[in-house]
Amino acid sequence: MRGVTPGAEPDAGSDNDADSPSRDPDQAASSAAGPSTMGAETAGQAGDGVPPEAGPTASPDDAKGSAGQEAASGSAGSAGSAGSRTARRKPPARRNRGARFIRELVILIAIALVIAVVIKTYAIQAFFIPSGSMENTLEINDRVLVNKIVYDTRSIHRGDIVVFNGDGSWDPGTPLPANSNFVEKFFSGFASMFGFGHPGDILIKRVIGLPGDTVACCDAQGRVTVNGIPLNEQSYLYPGDVPSEQRFNIVVQPGRLWVMGDNRSISDDSRDHEGDPGGGTIPENAVIGRAFVIIWPPSRWRILPIPATFEQPNLNSSSAAGPVGNAATATLLSARLEPSSPALPLSLGFAVAIPVSWLQRRVRRRAVRHRAAKRDVRP
């Protein structure tokens with residue numbers, strides 16, 4: 001039997017030992033080369049299809065730490081860039097707010113101005129009383145408000161204190177006032193508010209006779225009669241005045257009015273213009289409006305009602321009146337009015353424009369919020 005050759009085992013061991021040193025220098029060299037060499041070697045082996053040997057790799061904690069640092073640095077950078085953008089946005093935001101304020105202020109002033117012109121032209125206007133021909137009902141320096149729309153809802157009544165344009169009737173050298181349309185009246189009112197244009201010969205008197213009335217002076221007691229019915233005028237005539245020192249008897253033509261002042265002894269009214277076109281009467285379309293209240297001075301504040309004598313039911317029946325006559329009087333006052341300053345209509349305009357502007361601003365903001373909410377709801 002063949003036995004084991006002595007020394008065979010050692011030879012095998014020596015072969016293994018011989019192989020070991022051949023690998024150890026490689027491992028030592030790779031260890032000396034460091035992680036980079038090993039990483040390259042590992043990559044090479046992975047490329048050759050040989051599984052890489054375990055080498056130095058980053059631990060999970062190290063990965064988390066580096067990721068945290070990157071996130072922190074990224075968030076810090078983002079915060080810094082956002083802060084810089086916010087800082088850059090602030091001045092434009094302030095400029096936008098300033099521009100928005102100026103724009104809304106201009107709109108407010110424009111709305112107030114338009115409303116003021118509309119109020120003055122079509123609704124209510126203040127007038128200044130410069131003479132005493134309507135005393136004591138109206139005194140010098142009184143300011144009265146004139147309602148311009150009242151005669152669109154009712155007819156002119158006897159006893160009304162009316163403001164009218166005397167052009168063409170009591171001032172024959174000027175043409176009759178033309179019937180202007182809505183737009184022409186607006187621009188005329190706008191111009192007159194600031195002292196431009198021709199306001200006309202503006203006067204204020206009390207209506208005594210309507211179209212078709214027979215107005216005469218005087219009866220046996222010295223009273224003015226309308227359709228044969230005497231007027232008891234003591235409640236509004238100037239103290240001590242008689243109803244008239246002039247005799248007259250006239251039938252008021254259609255579309256015209258007979259007017260007189262309350263201070264009869266110095267009032268330049270229909271009695272003194274019988275030789276003018278219309279025989280002293282004025283056209284109804286020359287009436288601007290009805291004076292209904294004294295607003296200044298405060299001590300004179302009062303409503304201007306129709307006196308009770310004009311409420312007599314028999315005034316509407318027609319009858320003949322007494323004799324006709326005429327007498328000259330000196331120093332007559334026509335009570336030509338001067339439009340008051342535009343402060344009142346402008347104040348009224350702002351009083352209306354401010355809530356209107358606030359309301360439209362609120363509606364606009366609500367619409368913006370509604371649109372934004374709809375955008376957010378969309379998928």
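Modeller: Helices and strands are here runs assigned by DSSP and numbered from the N terminus, a helix being H or I over at least four residues and a strand being E over at least two. In these terms, Arg366 has its place in helix α6. What you see is a predicted model, in which local features need a pLDDT of at least 70 and side-chain atom pairs count only at pLDDT 80 or more, while totals for chains, interfaces and linings use all residues. Residues are numbered from 1 along each chain as its sequence is written, and side-chain values use heavy atoms, with hydrogens and water left out.

Arg366 belongs to a positive patch together with Arg97, Arg100, Arg103, Arg362, Arg365 and Arg369. A patch takes in residues with over 30% relative accessible area and no salt bridge, like charges being joined within 9 Å and nonpolar side chains (Val, Leu, Ile, Met, Phe, Trp, Tyr) within 5 Å. Lys and Arg count as positive and Asp and Glu as negative, whereas His and the chain ends are not counted; each charge is placed at NZ of Lys, CZ of Arg, CG of Asp or CD of Glu. The accessible areas come from the Shrake-Rupley method with a 1.4 Å probe, and for residues only the protein chains shown count as cover. Helices α3 (60-123) and α6 (343-377) each supply at least two residues of this patch, and α6 gives the most, with four.

A nonpolar surface patch of about 490 Å² is made by Phe101, Ile102, Leu105, Val106 and Ile109. Leu105, one of its members, lies in helix α3 and counts as partly exposed because its relative accessibility is 38%; buried means under 20% relative accessible area and exposed over 50%, with partly exposed in between (1.4 Å probe, protein chains only).

Now to the charges that find partners. Side chains of opposite charge can pair when their charged atoms come close. A salt bridge is taken as a side-chain nitrogen of Lys or Arg within 4 Å of a carboxyl oxygen of Asp or Glu, and by this rule there are nine. In one of them Asp160 pairs with Arg290, with 3.1 Å between the closest N and O atoms. Distant parts of the chain are linked here, since Asp160 is in the loop between α4 (150-153) and β3 (161-165) while Arg290 is in strand β11, 130 residues apart. Asp160 counts as buried because its relative accessible area is 0%, and Arg290, at 14%, is buried as well.

Arg290 also has a place in the strand pairing, being the bridge partner of Asn147 in β11. Two strands pair if DSSP finds at least two bridges between them; β2 and β11 run antiparallel and are joined by five. Five bridges also join β1 to β2, again antiparallel, and Phe128 has Arg143 as its bridge partner in β2.

A further salt bridge joins Asp262 to Arg206, the closest N and O atoms being 2.8 Å apart. This pair, too, spans distant parts of the chain, with Asp262 in the loop between β9 (256-260) and β10 (282-283) and Arg206 in strand β4, 56 residues apart. Both partners are buried, Asp262 at a relative accessible area of 0% and Arg206 at 2%.

Arg264 forms a salt bridge with Glu233, with 2.7 Å between the closest N and O atoms. Because Arg264 lies in the loop between β9 and β10 and Glu233 in the loop between β7 and β8, this pair ties together parts that are 31 residues apart in sequence. Arg264 and Glu233 are both buried.

The strands on either side of the Glu233 loop, β7 and β8, belong to an open antiparallel sheet of four in the order β7-β6-β5-β8. Its edge strands are β7 (229-230) and β8 (248-251), each pairing on one side only.
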